[in-house]
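Me: I would like to learn how to read the features of a model like this one, step by step. Could you take me through it?

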Amino acid sequence: MNDIDEKTMHALRKAFATVDKTKSGFVDIKDIEGIFNNMGTAFDIDDLNETIRRVDIDQDGKINFDKFVIIASNFLTDDDDETITNELREAFRLYDKEGNGYITTGTLREILKELDNNLSDSDLNDIIDEIDEEGKGKVDFEGFRELMI
């Protein structure tokens, strides 16, 4: 297994948790392709399916986080950070319609709510307060990137 740095491990945990909505500690193997797509991880579907078959020893169709990391480590490359940053930059650009170099905290709130509809208003307020420390009501790309990764 490749050495996975802390930042990548954090991204994997978030991606896994997003799909593990019931917090069971498992995700269906059919959801792994979607996780990789959302993370911007390049993979060949046949290679992914073969790796899943090797890792899903009990063939119950479910993967725990440790097995997910094993699978992911086969597809993560050094340029994934760059790929993720580029995809986040593109997403940011889509929300920064006027090209001002920032998005409003209101827009950020909508993005976060869409990503995780289990977030309460209090959770959202805490996240917004943390990222918008000066209370300007806007977030630049670096703040957005930091939050999303």
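Me: Is Lys 23 buried or exposed?

Reply: Before the case itself, a word on the source: this is a predicted model, in which local features need pLDDT of at least 70 and side-chain atom pairs count only at pLDDT 80 or more, while totals for chains, interfaces and linings use all residues. Residues are numbered from 1 along each chain as its sequence is written, and side-chain values use heavy atoms, with hydrogens and water left out. Burial is read from relative accessible area, where buried means under 20%, exposed over 50% and partly exposed in between, with a 1.4 Å probe and protein chains only. Lys 23 has a relative accessible area of 56% and is therefore exposed. Lys 23 sits in the loop between H1 and strand S1 (26-28), and its phi is near 60°, a positive value in a residue other than glycine.

Me: Where does Gln 59 lie, and what is its phi near?

Reply: Gln 59 lies in the loop between H3 and strand S2 (62-64), and its phi is near 50°, again positive in a residue other than glycine. Because its relative accessible area is 67%, Gln 59 is exposed.

Me: Which residues of H1 are buried?

Reply: In H1 the buried residues are Thr 8, Met 9, Ala 11, Leu 12, Ala 15 and Phe 16. They lie on the same side of H1 because they cover an arc of only 160° around the axis, the arc being that of the directions from the helix axis to the C-beta atoms. Helix H1 itself comprises residues 6-19, 14 residues in number, and reaches 20 Å from its first C-alpha to its last, close to the 20 Å expected at 1.5 Å a residue; the expected span is 1.5 Å times one less than the number of residues.

Me: At what angle do the axes of H3 and H4 cross?

Reply: Axes are lines fitted to C-alpha atoms, for helices over the stretch in contact, and angles run from 0 to 180 degrees between N-to-C directions. The axes of helix H3 (residues 45-55) and helix H4 (residues 65-73) cross at roughly 140° and come within 10 Å. Contact, which means heavy atoms within 4.5 Å, is made by Leu 48, Thr 51, Ile 52 and Val 55 of H3 together with Lys 67, Ile 70 and Ile 71 of H4.

Me: Which residues does Phe 43 touch, and why does Phe 43 count as partly exposed?

Reply: Leaving aside residues up to four places away in sequence, Phe 43 touches Glu 33, Phe 36, Asn 37, Leu 48 and Phe 75. Phe 43 counts as partly exposed because its relative accessibility is 22%, and this residue is found in the loop between helix H2 (32-39) and H3. The C-alpha atoms of Phe 43 and Asn 74 are separated by 9.2 Å, although the two residues are 31 residues apart along the chain.

Methods:
Helix = DSSP H or I, 4+ residues; strand = E, 2+ residues; numbered from the N terminus.
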